[in-house]
Amino acid sequence: MRQEGWLKPYIKAHLGRFILIIFLGVLTAAAASMLMFTSGYLISKSALRPENILLVYVPIVGVRTFGISRAVLHYVERLAGHDAVLRIVSRMRVRLYNTLEPDALSLRSQYRTGDILGVLAEDIEQLQNVYLRTAFPGAIAVVMYAAVIAALGRFDGAFALMTAGLLLILLGVLPCVSLLMTARTQERMKQERSRLYQKLTDAVMGLGTWVISGRTRDFLASYEADEARITRADRTLKRWARIRALLGQLVVLGGVLLMMSWSAGKTADGSMSGTLIAAFVLVVFPLMDVFLPVSEAVEKLPRYRNSLDRLNEISSAGREEAAWTAGRAEATATGPGEAVVSAEGADTFGVADATEAVGGVGATEATEASDAAEAARPAHKPPRAAEAARQGYERPVAAVAAPPAHERPGAARGASALAGAGFVKPIAARPGLERPRAAREASALAGAGFVKPTAAHIRLDQVSFSYGGNAEAAVRGITLDIPQGRRIAVIGRSGAGKSTLLGLIQGAFTPDAGAVRINGVAAGELGDHIPEVISVLNQRPHLFDTSVANNIRLGRSEASNEEICQAAEQAQLAALIASLSAGYDTPMRETGQRFSGGERQRVALARILLQDTPVVILDEPAVGLDPRTERELMRTIMETTTGKSLIWVTHHLAGTEQMDEIIFMEDGRIEMRGTHEELMERYPRYRKLYQLDRPIPVQ
Amino acid sequence: MGRELLGLRGIRPVMAAMAGLTLIQTLSIILQAKWLAETVSALFAGEPLQEQYGTAVLFLCAFTVRQITVYFQQSIAAKFAELTGARMRSQLMNKLFELGPRYAGKEGTGNLVTLVLEGVTKFRTYIELLLPRMLAGGFTPVLILGFIYTLDTSSGIILTVTMPILIVFMILVGLAARKQTEGQLKTYKVLSNHFVDSLRGLETLKFLGRSRTHSQSIERVSGSYRTATMKTLRTAFLSSFALDFFTMLSVASVAVSLGLRLVNGNMVLLPALTVLILAPEYFLPVRMVGADFHATLDGKEAGEAMQAIINSHSSEELNEKGVLEPGYSWSDRSSLALSGLSVTHEEGAGPSLEGVDLRLTAGMKIGIIGESGAGKSTLIDVLGGFLRPSAGTVEVDGRMMPSLSETVWRNQTMYIPQQPYIFSSTLEDNVKFYSPGASLDEVKQAVEAAGLGPVVERLPGGYKEMIGGGGRRLSGGQEQRVALARAFLSDRPVILLDEPTAHLDIETEYELKAMMLELFEGKTVVLATHRLHWMPDMDVIVVMDHGRVEEVGTHEELLMKQGAYYGLVKEQEEGAA
């Protein structure tokens with residue numbers, strides 16, 4: 001399937017800038033060369049003691065001009081290069097985000113291993129260097145090569161050819177040899193290094209286990225052995241780099257000698273003035289500085305391959321198939337009992353895409369736009385700035401000075417969102433999106449009338465779902481009725497189908513059989529409106545690196561400060577926030593490290609209280625908290641969500657006594673269901689489990 | 001710069017070699033210029049090329065000698081850097097294992113791994129770059145300048161004056177740039193983190209219905225980031241601009257002044273040409289230092305960070321001579337006593353354990369219960385030898401020991417934390433981690449005993465299936481079963497458990513509890529948890545609060561007493577209501 005690369009399209013899009021950069025680079029090199037050339041000419045000419053100083057006036061001006069302009073040109077060239085690259089990075093980021101966004105709900109299960117998202121972000125940073133370190137210097141060298149040969153050709157064709165041959169060693173032969181010689185060592189080293197990286201991470205994370213096993217020496221020895229292998233490879237590479245530098249310098253020497261004999265010969269037969277000998281000889285040194293670094297620049301190319309591969313993989317359509325196959329493989333391995341986790345939630349992109357194409361985009365974005373003005377108002381900025389924003393001017397605060405609010409679409413942008421144009425979705429060969437545009441626009445119109453419901457009646461009717469192909473069903477024949485205000489608890493082992501059930505309710509998956517309806521509409525068709533009906537508090541809600549207020553505001557961008565305070569108060573955050581010196585403007589810091597686990601859940605709770613949906617999904621929100629914090633958090637959650645429908649996935653029975661229904665899932669089925677009292681009465685198994693949570697009755 | 005390099009082991013001969021090579025190099029630079037100028041000026045004077053072969057060959061030799069010295073300088077520096085880097089790494093690794101998991105948890109796994117892998121590389125690069133430059137930076141320009149003075153005083157003066165101006169400007173611009181960068185550091189960090197932050201929070205954004213519009217936010221913030229970066233770069237690049245500018249200007253001035261004096265007849269071509277060739281060489285070392293400034297700074301910082309860890313005080317010494325004899329083993333008559341034990345993690349902070357007295361005899365099962373922060377984990381860490389008590393005594397079979405961090409003691413214990421670490425390796429290797437010599441049959445027995453049998457049957461690779469970070473991820477319950485299998489296989493007499501089941505779903509917890517009780521048969525067990533259901537199965541219950549032992553007794557005794565234990569039970573009961 002066709003796919004766009006991560007390098008070429010950006011060259012095309014920034015061709016003008018690229019040409020400018022290369023042009024500046026060539027001028028820089030030319031200025032440096034001309035400085036030496038004119039200097040050589042100047043002193044030779046002066047040595048002839050011309051009668052009139054005006055005869056050397058031109059070279060004097062030339063020397064000064066070239067001397068100054070080389071520095072200026074180089075400065076401008078570097079700035080232009082970085083500017084272009086930063087522009088490209090900005091585009092790449094948006095593209096990567098837009099590629100990942102549709103599959104947001106399945107990313108976690110798909111890339112459980114490692115922090116793939118962080119890696120991808122770094123990959124983009126890496127690609128900057130392709131341009132800065134390899135593409136630009138390489139292109140400049142090629143242009144200079146052509147220019148030098150052309151210039152020499154005007155003097156002497158045969159000599160121009162000889163020089164062309166000599167320079168080709170630096171420009172073509174050495175880089176190619178370099179690449180050939182080192183590519184394998186580099187590849188080996190890279191693999192060894194990443195293996196070592198894993199090994200060390202593994203060891204540091206399992207440090208306690210190593211220490212208590214009494215086998216630390218074994219590990220240290222094997223680690224040193226691995227390091228020694230890398231060091232050997234590194235030594236080979238470095239030796240080659242030194243040899244290459246030496247060979248390069250010998251080419252320079254050859255150039256000087258060649259130039260010397262040629263200009264001497266030319267002078268001897270009278271076809272050239274002797275004043276040019278020094279000029280031609282001296283110009284060799286600065287010229288060679290353009291060609292010498294090419295080998296090193298080219299040699300770096302293999303380093304970018306991994307980054308490129310990863311990005312291509314993410315954006316390629318092949319991912320769908322891979323995901324299907326993976327899902328199938330995982331699911332096959334899954335069985336009763338403690339099933340392997342990765343099976344649950346392994347995802348189908350086709351389905352996600354199809355559902356997402358339906359549903360109105362226009363409506364949300366229209367609201368966004370009208371909200372934008374209000375949203376653009378930073379929490380405690382003077383009202384005048386807010387006024388300006390409201391009128392649709394650019395955001396009043398300089399972007400750098402303002403804390404970048406995470407979800408604060410500027411008014412101007414809101415307008416373009418209204419037109420629906422601001423959104424460039426990567427349609428990059430997504431089969432699921434084949435029907436898109438027209439259908440989507442049509443349904444957008446239909447969906448434009450979507451009004452946030454105050455009540456939602458969720459019905460699951462004999463719902464079954466499997467992750468593609470002949471995989472075992474993850475959810476089988478589940479029937480659930482959740483009228484507005486009903487509270488149910490869902491209990492089951494990992495792999496029992498809890499997450500799949502939640503995904504079905506959120507419309508992320510389309511059932512193979514049966515139907516999930518919210519107020520009579522299939523959940524999948526609600527598409528982007530789902531967050532207006534259902535809010536989610538999961539185990540580790542992401543808190544963004546911005547202020548507390550902005551984090552809460554994410555629940556509803558148009559919320560006033562009063563509403564934010566109110567939500568925080570409900571979540572019992574008021575005392576904590578009051579104790580912070582900057583109050584609501586306190587930055588959350590990266591992943592909210594400033595706050596404890598319980599406090600972070602409360603911030604997230606305030607956020608979904610602001611989102612104010614009729615249905616709330618709680619996906620093990622208290623796991624990892626100590627019992628007292630857990631009790632207090634759950635109490636707050638239960639109090640603040642009175643009247644809302646609640647779907648609470650939990651691993652303990654504590655607190656489920658108050659739920660309207662408790663559901664035990666196993667192998668995708670509901671094994672036991674009923675109220676606490678009913679279950680206690682009917683199932684010895686339930687009594688036995690309940691005993692674990694309440695082992696010691698106290699009078 | 002580079003003063004700390006002089007403290008490195010084995011640096012003296014290296015420096016001596018560098019000094020010798022630098023001297024040869026400088027001489028060959030001067031001779032190369034001299035002979036090149038001679039050849040060119042002779043050719044200019046109209047002498048035939050053939051007569052200049054001699055000088056040209058001399059030039060060739062000088063040029064080659066210079067490049068060869070560069071080669072050797074680099075190779076010596078690389079070798080030394082490799083040795084020093086390897087030594088530093090091995091010190092660092094040893095230290096990390098001494099400092100143990102608590103330290104690793106505090107510093108962050110990612111940071112430590114990056115420091116070991118990237119830090120050593122950076123430090124090596126730093127040595128490689130700096131060693132040849134340190135002497136060349138001082139030697140070479142002075143010698144070249146001296147030679148230029150012998151040829152032409154005014155050129156010498158121009159060059160002498162430029163150098164300090166150049167350096168002062170570089171420093172001034174550098175300081176200005178740093179000030180500007182520092183002023184914006186916070187903004188920078190936020191801006192550059194924004195993207196990663198957005199990707200990580202993608203799921204949350206989707207839940208909130210904000211993921212679509214957020215794309216614009218990314219674009220805008222990236223734009224701001226570019227503006228901010230370019231603003232800083234404009235200043236930052238000024239530093240190398242100053243370097244370039246003054247070098248080029250200086251060379252141009254020398255050329256023009258030479259030209260003018262040649263026209264006046266105060267000078268002849270040969271010395272003029274020599275000076276012109278030497279002028280760029282005079283600036284070369286300074287320019288090199290400028291070019292590698294960032295690499296050297298990075299390396300220097302990495303070196304300092306590593307040295308700080310190596311010098312830090314560790315609570316355990318890997319090579320400490322043990323109190324227990326090498327063949328010691330915990331028997332069914334053994335006992336362990338802690339008395340007056342205290343642990344203080346950080347200066348100034350309150351103690352995590354205070355005056356703990358505890359007696360443990362073989363075969364006893366002790367349950368430690370209390371709120372989080374009561375000191376349960378700290379006590380387990382002391383018993384496992386991860387922590388050295390700050391006060392109090394430890395006595396094993398009547399022998400006083402400063403701590404339990406001896407390998408001999410560790411070999412008696414099995415530690416099962418809340419989330420046992422699964423290594424990125426095969427299932428078999430993971431199970432036999434504590435007993436690498438075990439046969440496959442023994443592994444199979446242990447796996448069956450831990451209830452992992454059905455799981456293994458479903459794995460395509462069976463016992464050879466890769467699990468852990470690089471392979472198949474296991475659920476929390478399965479991880480705990482792997483830990484159990486390890487314990488069954490290694491059969492160590494003392495088992496320490498830290499909150500082994502609290503995070504599991506209730507059914508898995510129920511099954512695992514049954515397995516664990518089986519494992520505990522005939523073993524000495526210390527189990528820290530806040531799950532009360534374990535307590536009736538324990539021989540002795542220790543209730544902890546704020547680092548102190550509140551109560552000790554059996555389940556029945558403590559319930560009767562209606563003290564702290566009773567309070568905990570009561571509190572959990574209230575949670576249900």
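Helices (H or I, at least four residues) and strands (E, at least two) are DSSP runs, numbered from the N terminus. With that in hand, here are my notes.

1. This is a predicted model, in which local features need pLDDT of at least 70, side-chain atom pairs count only at pLDDT 80 or more, and totals for chains, interfaces and linings use all residues. Residues are numbered from 1 along each chain as its sequence is written, while chains are lettered from A and ligands numbered from 1 in the order in which they are written.

2. Let's take chain B. An unreviewed UniProt entry puts "domain: ABC transmembrane type-1" at residues 16-298 of chain B; UniProt positions follow the numbering used here, feature names are shortened, and annotations may be inferred rather than shown by experiment. That span of chain B is 93% helix and 0% strand, with 26 Å between its end C-alpha atoms.

3. The unreviewed UniProt entry also lists "transmembrane region" at several places in chain B, including residues 130-151 and 157-177. Residues 130-151 of chain B are 100% helix and 0% strand, their end C-alpha atoms lying 32 Å apart. For residues 157-177 of chain B, the figures are 100% helix, 0% strand and 30 Å.

4. Now to chain A, and two backbone angles worth a look. Most residues other than glycine have a negative phi. A:Asn519, not a glycine, has a positive phi of about 50°, and sits in the loop between strand S4 (513-518) and strand S5 (521-522) of chain A. A:Asp667 also has a positive phi, near 50°, in the loop between strand S9 (661-666) and strand S10 (669-674) of chain A.

5. Buried or exposed? A residue is buried if 20 or more other C-beta atoms (placed from the backbone) lie within 10 Å of its own, exposed if 12 or fewer, and partly exposed in between. A:Asn519 is partly exposed because 14 other C-beta atoms lie within 10 Å, whereas A:Asp667 counts as buried because it has 20 C-beta neighbours inside 10 Å.
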